[in-house]
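Here are my notes after going through the model you sent.

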Amino acid sequence: MRLIIETQLSGIAAQEWSVLLDKSAANTIFQTHEWHDSFLGSFGAKYEEVYFLCVREDNDLVCIAPLMITVVRNNKRVLQFIGHGLSDFTSFIYDRTRPDALQFLLNFIKHDWKLHWDYMVLKSVPVSVEKPEDLIKSFRETGLYCLIFEKCSSAGINLHDLNFVSQIHGKRKLKQQLNRLARMGKYEVLHLTSYEEIEPYLNSFFKQHIDQWAITNTPSFFLDEENSAFYRSFLAAMAKKKWVNFTAIVLNGTPIAFGIGFLYANTFLFYKTSYDVAYLKRSPGSVLLLELINFATRCGFHEFNFGAGFEGYKTRFSNVAFETCSYKIFGGRLGFIIDSFMLKLVDRVKEVQGGEKILDIAKRISGYRSP
């Protein structure tokens with residue numbers, strides 16, 4: 001095996017990437033060539049160093065690590081997956097029958113590439129793709145020190161469970177919410193898949209999201225035009241592949257809710273929504289969710305994946321739960337010991353009065369920045 005470092009995505013043919021992704025356990029929309037292309041097209045200028053570590057055997061591509069360097073507090077160089085912060089799920093991409101290729105790559109990162117980074121942050125790696133004990137063992141065998149700094153639960157619906165799906169459709173409250181909207185005038189549901197159809201609605205989508213989050217403590221990230229441009233970019237790219245569904249709930253000719261979902265690998269992935277706050281009491285978000293589940297069921301998808309997060313409304317509609325783990329990896333033992341101590345300290349103070357302030361201090365001391 002040999003390792004080749006590409007600094008441009010164009011160094012890897014999209015078809016070759018897709019062939020490997022089909023063989024990988026990590027096969028979501030966030031690992032596709034198209035997603036990486038959209039991310040780098042929108043944010044690549046922010047990252048001076050982007051690397052695609054490619055393991056090849058003969059001429060066959062057997063492993064890819066799409067990585068970027070972020071410089072944080074004290075000029076620490078953090079190695080992260082490309083798409084960090086916007087990808088619901090991340091992972092190494094490798095032939096599931098060739099775990100030795102991943103080990104070969106990790107060995108390179110530790111021994112031949114050690115001057116390029118201070119520590120790694122690998123966020124939201126699905127447990128179903130990489131079992132924590134196996135991944136930690138792989139790092140340990142290479143001489144890297146790894147800790148889990150975050151565990152998150154996610155939810156989904158097994159759409160083959162027809163009894164459960166039928167229970168969702170039969171929920172009285174949802175029916176009432178849908179009927180209330182329908183009685184207000186002309187009610188339409190538009191499922192759009194071409195960018196030419198989607199684009200005219202995007203400004204309304206962004207405005208709804210901004211208004212929706214303005215009444216919370218977390219402003220919409222669409223206040224930053226870069227994020228809006230990124231959405232335009234990936235929607236155009238995914239529409240070409242027939243991988244996106246943009247849903248609009250329209251009442252009397254006016255859109256009152258939008259939903260973006262990905263159609264990939266027999267899964268409908270629930271990614272981003274918005275609604276008109278003027279209709280908040282009419283529960284447009286719940287009605288939108290019901291319409292999306294109906295759409296995914298009619299289209300014959302195997303799973304409805306709620307994406308990152310385990311909010312209460314997701315649990316009410318799910319019959320599947322799964323976990324992701326986020327890892328911090330060090331080349332030396334000292335950083336690992338310090339951060340391990342800080343994580344234990346955090347666990348101790350979480351329930352103490354004023355614990356959040358102590359937690360902030362601990363993060364500053366450790367140099368840790370929330371991913």
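1. Is Glu199 buried, partly exposed or exposed? Keep in mind that this is a predicted model. Glu199 comes out as partly exposed, with a relative accessible area of 36%. Its partner is Arg232: the two form a salt bridge, with the closest N and O atoms 3.4 Å apart. The pair links distant parts of the chain, since Arg232 belongs to helix α9 while Glu199 sits in the loop between α7 (195-198) and α8 (202-214), 33 residues apart. Arg232 is partly exposed too, at 21% relative accessible area.

2. Have a look at Glu34 and Lys241 next. They make a salt bridge whose closest N and O atoms are 3.9 Å apart. Glu34 is in helix α2 (residues 33-43) and Lys241 is in the loop between α9 (225-240) and β9 (244-251), so this pair ties together parts that lie 207 residues apart in sequence. Glu34 counts as buried because its relative accessibility is 13%, below the 20% cut-off. Lys241, at 39%, counts as partly exposed.

3. Lys46 sits in the loop between α2 and β2 (50-57), and Glu226 in α9, so the bridge ties together parts 180 residues apart in sequence. Glu226 is partly exposed, its relative accessible area being 29%.

4. How many salt bridges are there by this rule? The count comes to eleven. Some of them share partners: Glu57, Arg98 and Asp100 are joined that way into one network.

5. On to helix α5 (residues 162-169). Phe164, Val165 and Ile168 are buried there. Viewed down the axis of α5, the buried residues fall within an arc of 100°, so they line one face of the helix. What do they pack against? The answer is β7, α6 and α10. The face of α5 turned away from the buried side carries Leu162, Asn163 and Gln167, which are exposed.

6. Now the open space. The largest pocket has a volume of about 1,500 Å³. Its lining runs to 45 residues, and Trp213, Ala308, Glu311, Tyr313 and Lys314 lie nearest the centre. Which elements each supply at least two lining residues? They are β6 (119-126), β7 (145-158), α6 (172-182), α8, β11 (267-275), α10 (284-298) and α11 (312-316). Note that β7, α6 and α10 are also what the buried residues of α5 pack against.

7. A search of the whole structure finds one cavity of 30 Å³ or more. The largest cavity has a volume of about 50 Å³. Among the residues lining this cavity are Phe30, Gln31, His36, Pro66, Phe81 and Phe89. Sorted by class, the cavity lining has six nonpolar and five polar residues, with no charged ones.

Technical notes
Residues numbered from 1 in each chain as written. Predicted model: local features only at pLDDT ≥ 70, side-chain atom pairs only at ≥ 80, totals over all residues. Heavy atoms only, no water. Salt bridge = Lys/Arg side-chain N within 4 Å of Asp/Glu carboxyl O. Helix = DSSP H or I, 4+ residues; strand = E, 2+ residues; numbered from the N terminus. Buried < 20%, exposed > 50% of the residue type's maximum accessible area, 1.4 Å probe, protein only. 1 Å grid on protein atoms, 1.4 Å probe; cavity = no way out; pocket = protein on both sides within 12 Å on 5 of 7 lines; lining within 4 Å. Points joined across faces, edges and corners; volume = space filled by probe spheres on them. Arc of directions from axis to C-beta. Contact = heavy atoms within 4.5 Å. Nonpolar A, V, L, I, M, F, W, Y, C, P; charged D, E, K, R; others polar.
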